[in-house]
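Opening my notebook on this one. I want to write down what I looked up, entry by entry.

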Amino acid sequence: MHKEAAIREPLILGHKTYHDITEDICKPIEDKAPKMWYVLFGIALILGIYGIGCILYLLGVGIGVWGLNKTVGWAWDITNFVWWVGIGHAGTLISAVLLLFRQKWRMAINRAAEAMTIFAVFMAGMFPLIHMGRLWLGYWVLPIPNHFGSLWVNFNSPLLWDVFAISTYLSVGLVFWYIGLIPDFATIRDRAKKPLAKKMYSLLSFGWSGRAKHWNRFEIVSLVLAGLATPLVFSVHSIVSFDFATSVIPGWHTTIFPPYFVAGAVFSGFAMVQTIMLVLRKAMKLEAYLHTKHVEYMNIVIMVTGSIVGTAYITELFISWYSGVEYEAYAFLNRATGPYWWAYASMMTCNVVSPQLMWFRKLRRSLIFTFIISIVVNIGMWFERFVIIVTSIHRDYLPSSWSMQYPSHIDIGVYIGTIGLFFVFYLLFARYFPVMPIAELKTILKSSGESYKNGEAEVHPKPKPFGGAEPINTKESKHDVVDVKEEEIIDLEASSKLIESIGKAEEGQKDDLKKISGIGPVFEKTLNNIGIFTYIQVSKMTKVEYDLLDSITGKFPGRAEREDWAGQAKKLINKKD
Amino acid sequence: MAEKVIYAMYDDEEILKDGAKLLVSKGIKIEEVFSPFPIHGIDPIIGVKPTRLGIFSFIYGLIGLTLATLGMWYFMIEDWPMNVGGKPNGSYLENMLAFVPISFEFTVLCAAHGMAITYLIANRTLPGMKADNPDPRTTDDKFVMELRPSQNPSVSQQEILDLVKKTGIIELEQKEI
């Protein structure tokens with residue numbers, strides 16, 4: 001079993017059993033959807049339909065309806081494409097790279113992030129397709145025998161590499177995601193009560209039964225797919241960057257592009273994961289599985305990749321001057337001080353400055369701050385692509401052809417439409433699919449669950465004697481691990497001293513002490529036995545009382561002080577009022 | 001042909017592992033274990049061999065690499081040498097650098113999909129298949145061990161049942177299949 005250091009924050013808070021995990025993750029799927037879901041779905045659907053309308057109009061009239069001109073022949077379309085592919089980078093990174101590095105915290109987010117990846121790549125893929133203008137000839141990008149004297153597609157072109165990279169990425173990502181989903185669909189299938197749901201989920205679960213041999217293969221398949229997907233993640237965005245880097249346009253043909261694009265993609269992908277997951281965990285009440293620590297880990301990734309991106313921006317600037325190439329230098333000067341200075345400034349603020357704020361522990365553990373920054377980063381990364389693409393070409397070698405790019409309403413409509421469609425898919429996913437890997441979370445419950453780490457629940461329970469005489473369905477009621485524990489013996493003298501200093505309370509006034517982080521069901525009982533029932537009592541505790549409490553219980557010395565139970569209790573009192 | 005099957009249910013994977021060790025040490029063969037998640041360390045106890053799927057994946061990857069190489073050689077060198085930006089197109093080797101990305105992508109594509117399909121077929125988990133876990137709770141929080149007396153001719157059925165009862169089970173069921 002995976003071992004985890006005792007000082008690490010637990011990944012699953014509170015006391016959970018295997019059944020609780022199933023229950024918590026399946027509940028939102030089995031219950032009726034909340035009203036908010038319908039509202040959001042409606043909005044997303046309207047935006048999506050509007051986007052489809054714009055695309056149909058574009059296909060009917062031609063890509064002249066985009067705000068492109070002779071000089072700026074590539075603008076919002078490719079910006080949106082790269083933006084979506086970038087967002088699509090976090091999912092596979094989380095599930096593949098973090099799996100190889102055995103980062104167990106990925107389990108809170110990998111399923112949802114992979115879904116995000118797949119839908120984001122759908123949206124990304126749409127842009128090159130509609131950019132062809134004649135969508136129905138899209139199959140021309142494939143090397144198939146044809147009637148043009150067998151003229152093949154150009155394998156020297158990064159645009160064709162992109163076709164292969166994106167389609168491989170999408171299909172491998174989909175397979176990876178689905179293989180993980182199969183056992184979880186089986187869990188939902190075995191719980192389903194409605195016949196239609198049962199039928200659908202048994203179809204989706206492919207008849208998974210959870211045999212030992214199947215699990216054995218499952219683990220190897222996950223590992224090998226992770227091994228394959230890891231270089232894939234890096235290759236895909238490298239190849240996307242080749243679309244620019246292999247050209248001869250100043251501002252595009254820089255060798256730093258591949259690593260810089262990959263870092264940028266991870267940066268924006270994690271930001272999108274934050275945006276979505278912060279809402280999802282609240283809406284689906286999954287706070288125990290995805291809590292501040294997970295958010296902090298992700299913020300650290302955002303900080304690191306954001307710093308790489310920042311370094312790349314500055315390196316680019318420096319090299320444009322140091323190279324001595326006037327055209328190169330002008331491209332960058334124009335970016336920062338030309339007519340698109342505002343795009344450059346937003347990119348610099350959003351992507352270079354904002355992630356640096358994550359150095360402060362308080363900020364990177366603040367959920368509201370994280371949510372705001374995640375949106376800022378997404379905006380910044382859109383501007384990054386816009387800056388790279390448009391500012392490099394809008395003033396070319398011939399000043400008489402210098403021009404500006406203004407988006408048409410179709411440009412904007414298609415972009416908004418993809419955001420709508422993305423959320424249509426995402427909301428359907430959140431409604432019908434398990435948003436966290438049920439089976440995988442169970443594998444880390446005993447090593448990273450809070451109640452198992454602090455000794456309240458047993459990792460290796462003692463077998464209980466079997467009561468049934470005959471082997472025909474001798475049902476026994478479900479037992480709780482907590483009940484097995486022995487009653488604690490309490491030091492009466494010390495506890496009366498403790499009660500004296502924090503005040504008496506009756507059992508009738510009892511508050512839910514488990515709400516204080518650090519107190520589990522067992523410890524709550526211990527506190528009750530001593531005579532501590534209310535938040536008010538806990539809030540009066542100081543160092544002296546903490547020490548007394550430690551001496552009585554003999555459990556987790558120093559913990560109450562470290563976690564500031566009194567402070568927590570004070571907050572809870574305020575909340576109650 | 002009707003065959004007796006014993007299903008012993010546990011509510012903790014560690015208890016099941018201990019139980020399995022005890023049964024195996026008495027020479028009883030454990031036919032199958034059903035669990036809601038992979039139990040680490042169960043495979044050597046009940047004699048599940050390491051899977052060869054990784055090797056398969058490697059072979060699929062090699063096939064993909066070969067196909068990509070052959071394809072690009074034929075399309076770009078043999079059938080219709082294209083002069084794009086003056087890139088050399090006289091021989092595969094000279095033009096190879098431009099082929100690296102697609103060779104890599106296609107290798108990964110074949111390795112991943114080949115392995116996934118092999119995995120699904122080997123497991124017999126395909127669309128439309130019926131699940132055969134003995135109890136619906138085995139995909140939630142229960143663990144079931146399947147024993148077949150016919151596989152253990154040296155011990156009587158009663159002996160097996162008596163032993164199993166000592167291993168901390170919570171339910172016991174017998175079925176004829």
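**Contacts in chain B.** I started with who touches whom along chain B: of its contacts with a separation of 6 or more, 75% are between residues 24 or more positions apart. A contact here is two residues whose C-beta atoms, placed from the backbone, lie within 7 Å.

**Ground rules.** I'm working from a predicted model, where local features need pLDDT of at least 70, side-chain atom pairs count only at pLDDT 80 or more, and totals for chains, interfaces and linings use all residues. Residues are numbered from 1 along each chain as its sequence is written, while chains are lettered from A and ligands numbered from 1 in the order in which they are written.

**Chain B, overall.** I listed 5 helices and 4 strands for chain B; helices (H or I, at least four residues) and strands (E, at least two) are DSSP runs, numbered from the N terminus. The order along the sequence reads β-α-β-α-α-α-β-α-β. Chain B is more spread out than a compact globule, because its radius of gyration is 26 Å, well over the 16 Å that the globule rule gives for 177 residues. That radius is taken over C-alpha atoms, and the rule is 2.2 Å times the number of residues to the power 0.38. I also noted a C-alpha trace spanning about 80 × 30 × 30 Å along the principal axes.

I found that 41% of the 177 residues of chain B count as buried. Buried means 20 or more other C-beta atoms within 10 Å of the residue's own, exposed means 12 or fewer, and partly exposed is in between, with C-beta atoms placed from the backbone.

Chain B splits into domain 1 (4-49 + 131-176) and domain 2 (53-123), with bounds from an automatic or database domain assignment. I noted 46 Å between the C-alpha centres of domain 1 and domain 2 of chain B.

**A strand pair in chain B.** Strand 2 (residues 30-34) of chain B has 4 of its 5 residues buried, so it is largely enclosed by the rest of the structure. Which way do strand 2 and strand 3 of chain B run? They run antiparallel, with 4 bridges joining strand 2 to strand 3 (residues 143-147); strands pair if DSSP finds at least two bridges between them. I picked out B:Ile30, whose bridge partner in strand 3 of chain B is B:Leu147.

**Chain A, overall.** I went through chain A and got 23 helices and 0 strands. Its C-alpha atoms fill a box of roughly 95 × 55 × 40 Å along the principal axes. Buried residues make up 47% of the 577 in chain A. Of the chain A contacts with a separation of 6 or more, 82% are between residues 24 or more positions apart.

Chain A has domain 1 (18-144 + 155-448) and domain 2 (484-576). Their C-alpha centres lie 46 Å apart.

**Where A meets B.** The contact takes 67 residues from chain A and 70 residues from chain B. Elements giving two or more residues on the chain A side include helix 1 (18-30), helix 6 (158-191) and helix 8 (212-245) of chain A. Helix 8 of chain A has the largest share of that side, 16 residues. I sorted the chain A side into 33 nonpolar, 23 polar and 11 charged. For that sort, Ala, Val, Leu, Ile, Met, Phe, Trp, Tyr, Cys and Pro count as nonpolar, Asp, Glu, Lys and Arg as charged, and the others, Gly among them, as polar.

**Cores.** Next I checked the largest nonpolar core: of its 189 residues, A:Met116, A:Val172, A:Val273 and B:Ala112 touch the most other members. Such a core is a set of buried Ala, Val, Leu, Ile, Met, Phe, Trp, Tyr and Cys residues joined through C-beta atoms within 7 Å. Helix 6 of chain A gives the most to this core, 18 residues. Leaving out residues up to four places away in sequence, B:Ala112 touches A:Val172, A:Val175, A:Leu225 and A:Leu228. A second, separate core of 23 residues includes A:Phe523, A:Ile532, A:Tyr535 and A:Ala569.

**Helix 19 of chain A.** In this helix (residues 521-530), I noted A:Val522, A:Phe523, A:Glu524, A:Leu527 and A:Ile530 as buried. A:Gly531 follows helix 19 of chain A with a positive phi, near 120°.

Most residues other than glycine have a negative phi. A:Arg102 has a positive one, near 55°, and sits in the loop between helix 4 (89-100) and helix 5 (110-131) of chain A. A:Arg102 counts as exposed because it has 8 C-beta neighbours inside 10 Å. A:Lys285 also has a positive phi, near 55°, in the loop between helix 9 (257-283) and helix 10 (292-322) of chain A. With 11 C-beta neighbours inside 10 Å, A:Lys285 counts as exposed.
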